[in-house]
Structure formats: structure tokens, C-alpha cells
Amino acid sequence: MTQNVQGTIVVVTGARSGLSEATVYSATKTAVRVISKGLRQDVKPYNLRPTRQDY
């Protein structure tokens, strides 16, 4: 049985711009975005809320 808790999961991503060879960086950042969206659905029944912060 799972306890009824609530909280926030913070996913932090970097914000780099102006890089001409940023293919891998962009792909990784997109993957983190997609995983965060999936995580939101997975943890919704547990009253947890993921949020993504760009810096």
C-alpha cells in the first residue's frame, strides 16, 4: 500500500544557445523534456507534480 503524499519533482535543464555544434545537446534536452512529460503521467496517482526548470 502506498501512503498518500504530495510533493514536487524538479527536473533541471541547462539553457545553452549560440552553439553551432549543439546536435547532441539539443537531442538530450528534448529527451529530458519528453521523459518529464511521461513522468508527470506516471506519478499523478501519487499526488506528485514534476516541473522542469531551464537555467
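This is a predicted model: local features need pLDDT of at least 70, side-chain atom pairs count only at pLDDT 80 or more; totals for chains, interfaces and linings use all residues.

User: How many helices and strands does the chain have, and what pattern does it follow along the sequence?

Analyst: Helices and strands are read as DSSP runs and numbered from the N terminus. The chain has 1 helix and 2 strands, and along the sequence they follow the pattern β-α-β. Strand E1 covers residues 7–13, helix H1 residues 23–43, and strand E2 residues 48–54.

User: What share of the residues in the chain is buried?

Analyst: Buried means under 20% relative accessible area, and exposed means over 50%, with partly exposed in between. Of the 55 residues in the chain, 15% are buried.

User: Is Ser36 buried or exposed?

Analyst: Ser36 is buried because its relative accessible area is 9%, which is to be set against a limit of 20%. Ser36 is placed in helix H1. Leaving aside residues up to four places away in sequence, Ser36 touches Val11 and Pro50.

User: Which class of accessibility applies to Val32, and which residues does Val32 touch?

Analyst: Val32 also belongs to a helix, namely H1. Its relative accessibility is 26%, so Val32 counts as partly exposed. With residues up to four places away in sequence not counted, Val32 touches Val11 and Thr13. Val32 and Thr13 are 19 residues apart in sequence, and their C-alpha atoms are 7.9 Å apart in space.

User: Where does Val10 lie, and which residues does Val10 touch?

Analyst: Val10 lies in strand E1. Its contacts, not counting residues up to four places away in sequence, are with Thr51 and Gln53. The C-alpha atoms of Val10 and Arg49 are separated by 8.5 Å, although the two residues are 39 residues apart along the chain.

User: Which residues does Leu48 touch, and how far apart are Leu48 and Gly7?

Analyst: Leu48 lies in strand E2. Leu48 touches Gln6, Gly7, Ile9 and Val43, when residues up to four places away in sequence are not counted. From C-alpha to C-alpha, Leu48 and Gly7 are 4.9 Å apart in space, and they are 41 residues apart in sequence. Leu48 is classed as partly exposed because its relative accessibility is 26%.

User: What is to be noted about the phi of Asn47, and where is Asn47 placed?

Analyst: Asn47 has a positive phi of about 60 degrees, although Asn47 is not a glycine. Asn47 is placed in the loop between H1 and strand E2. Its relative accessibility is 40%, so Asn47 counts as partly exposed. Tyr46 lies in the loop between H1 and E2 as well. Tyr46 is partly exposed because its relative accessible area is 40%. The C-alpha atoms of Tyr46 and Gly7 are 9.0 Å apart in space, and the two residues are 39 residues apart in sequence.

User: Which residues form the positive surface patch, and which element gives the largest share?

Analyst: The positive patch is formed by Arg33, Lys37, Arg40 and Arg49. Helix H1 contributes the largest share, with 3 residues. Arg40 is placed in helix H1. Its relative accessible area is 40%, so Arg40 is partly exposed.

Methods: Residues are numbered from 1 along each chain as its sequence is written. Side-chain values use heavy atoms; hydrogens and water are left out. Patches are made of residues with over 30% relative accessible area and no salt bridge: like charges are joined within 9 Å, nonpolar side chains (Val, Leu, Ile, Met, Phe, Trp, Tyr) within 5 Å. Accessible areas come from the Shrake-Rupley method with a 1.4 Å probe; for residues, only the protein chains shown count as cover. A salt bridge is a side-chain nitrogen of Lys or Arg within 4 Å of a carboxyl oxygen of Asp or Glu. Lys and Arg count as positive and Asp and Glu as negative; His and the chain ends are not counted. The place of a charge is taken as NZ of Lys, CZ of Arg, CG of Asp or CD of Glu. Helices (H or I, at least four residues) and strands (E, at least two) are DSSP runs, numbered from the N terminus. Buried means under 20% relative accessible area, exposed over 50%, partly exposed in between (1.4 Å probe, protein chains only). Contact means heavy atoms within 4.5 Å.
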